[in-house]
Amino acid sequence: MDDTFYPGLENVIASETQISYLDVENEEIVIRGYDLMDLARNAKYLDLVALLLDGGFPTSERRNELEQKIKSEYELPVQLFSVLQLLPLNAHMMDVLRTGISALACFETNLDDRSVNANYQRAIRLLAKVPQIVANGYHAVRNEPLIQPRGDLTYTANFLYMITGQIPLPIEADVFDQCLMVYSEHEMPNSTFAARVIASTQSDMYGALTGAAASLKGNLHGGANEAVMNMLQLAGSEAELEALILEKLSRKERIMGFGHRVYMNKPDPRAMLMKEALAHLAKQKNELQLYDKCVVGEFVLKREKNLYPNLDYYAAPVFHLLGIPTELFTPVFLAARTVGISAHVLEQHENNRLFRPRVLYKGPRNLRPPQIV
Ligand SMILES: CC(=O)SCCNC(=O)CCNC(=O)[C@H](O)C(C)(C)COP(=O)(O)OP(=O)(O)OC[C@H]1O[C@@H](n2cnc3c(N)ncnc32)[C@H](O)[C@@H]1OP(=O)(O)O
Ligand SMILES: O=C([O-])CC(=O)C(=O)O
């Protein structure tokens, strides 16, 4: 047995995949052969959904067909809302979402069918229903009126509408579509790995996504986008943000939204795209002070720690300007990532090998239980 130990499995290859790859050297996030940044600038989220699930870039007919199929699955079992309404008002929205996804599994009749077709249909159902659990889970725990999905809006516009109750302006729908794209898939982060580990026991896609949701909640992963917004809101001005960051660093605290296991000391290309989106949106909404504050944060972290922002740093203020409550930032991340995780579960089930690593044992040996007298 090879007993080399890589803490955190850093740089360890865990799977063969045809889905995606981070080519850090060339600053490219490869998604089935395409550059994610090119897709995010020139395509739509549903193109990416088709690309991830079907394996190829769709024709416009195929994309429309997919959108109709997703829309036909919008409805949630009514009992699901009863489950969500039982949860306390102060429940964490990632716990609400995780509970909703887990409960959804109970309404499937053929969970044991792990064929490509059954998994594909499941992925479509999840893409239709997860945004509604995000939005209406939030309303349900607050005893607010639920917002029914609207089939006359695009998939993306409907998602934002269900959260805010307002039909988004075209610029808001476009920026949100770009957010969904940059969050859709990212090779083998902790949450996707968790999903693949779960799927490798031949467990089902709902279980894998539930596990991924638990992983994504953490601050070192998806939870960072909410922490970023809380930090930005705590600092009233650019000077206050700089002081807050310096104070945190002096206490050896991590600054959320900075650093990345794979990019290390290189920019996350997605963060740079979100920075552009923020500039655009902030100008339209007369919120340039928020943009300026974020730029100061980026400058301070580069100067003090040579750290670059990751996606969560610039996505957080974008979500904020789109009217998304901070508690829903990480749930929205999971909704966007549902397609990527589903593609990984499909791939894992198609060519499975149970994940079962070994350990480097550091505990005592040869102990005996005390004699019972
Ligand atoms: C979409 C996403 O999920 S992206 C990730 C979102 N998460 C965050 O933004 C949380 C903040 N960032 C971090 O905690 C880290 O950068 C991680 C978890 C993302 C990556 O961590 P790792 O690969 O384990 O990096 P590691 O912990 O080895 O960091 C290397 C050094 O940089 C420092 N560092 C890394 N990130 C940060 C940060 N955000 N703030 C301050 N210091 C940091 C570490 O303290 C460490 O310094 P040291 O060598 O003096 O101890
Ligand atoms: O890749 C990672 O480790 C985390 C991340 O950026 C993502 O999941 O989008």
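User: Happy to start with the loop: between which helices is the place of H260?

Analyst: This is a predicted model, so keep that in mind as we go. The unreviewed UniProt entry lists H260 under "active site". In the model, H260 is in the loop between α12 (238-250) and α13 (269-284).

User: Thanks! Which other residue does UniProt list for "active site", and what is the largest C-alpha distance?

Analyst: The entry, which is unreviewed, lists D312 along with H260. They are spread over 53 residues of sequence, yet they cluster in space. The largest C-alpha distance is 10.6 Å.

User: Does H260 count as buried or exposed?

Analyst: A residue is buried if 20 or more other C-beta atoms lie within 10 Å of its own. H260 has 20 C-beta neighbours inside 10 Å, so H260 counts as buried.

User: Leaving out residues up to four places away in sequence, which residues does H260 touch?

Analyst: Contact here rests on C-beta atoms within 7 Å. With residues up to four places away not counted, H260 touches D268 and N310.

User: And where is D312, and is D312 buried or exposed?

Analyst: D312 is in helix α15 (residues 311-321). Not counting residues up to four places away in sequence, D312 touches A224, N225, V228 and G257. Because D312 has 30 C-beta neighbours inside 10 Å, D312 counts as buried.

User: One more, please: why is helix α9 largely enclosed by the rest of the structure, and which helices are included in what covers its buried residues?

Analyst: Helix α9 (residues 190-199) is largely enclosed because eight of its ten residues are buried. Among them are R196 and I198. What covers the buried residues of α9 includes α10 (205-216) and α16 (329-350).

Notes. Residues numbered from 1 in each chain as written. Chains lettered and ligands numbered in written order. Predicted model: local features only at pLDDT ≥ 70, side-chain atom pairs only at ≥ 80, totals over all residues. UniProt positions renumbered as here; feature names shortened; annotations may be inferred. Helix = DSSP H or I, 4+ residues; strand = E, 2+ residues; numbered from the N terminus. Buried ≥ 20, exposed ≤ 12 C-beta atoms within 10 Å, placed from the backbone. Contact = placed C-beta atoms within 7 Å.
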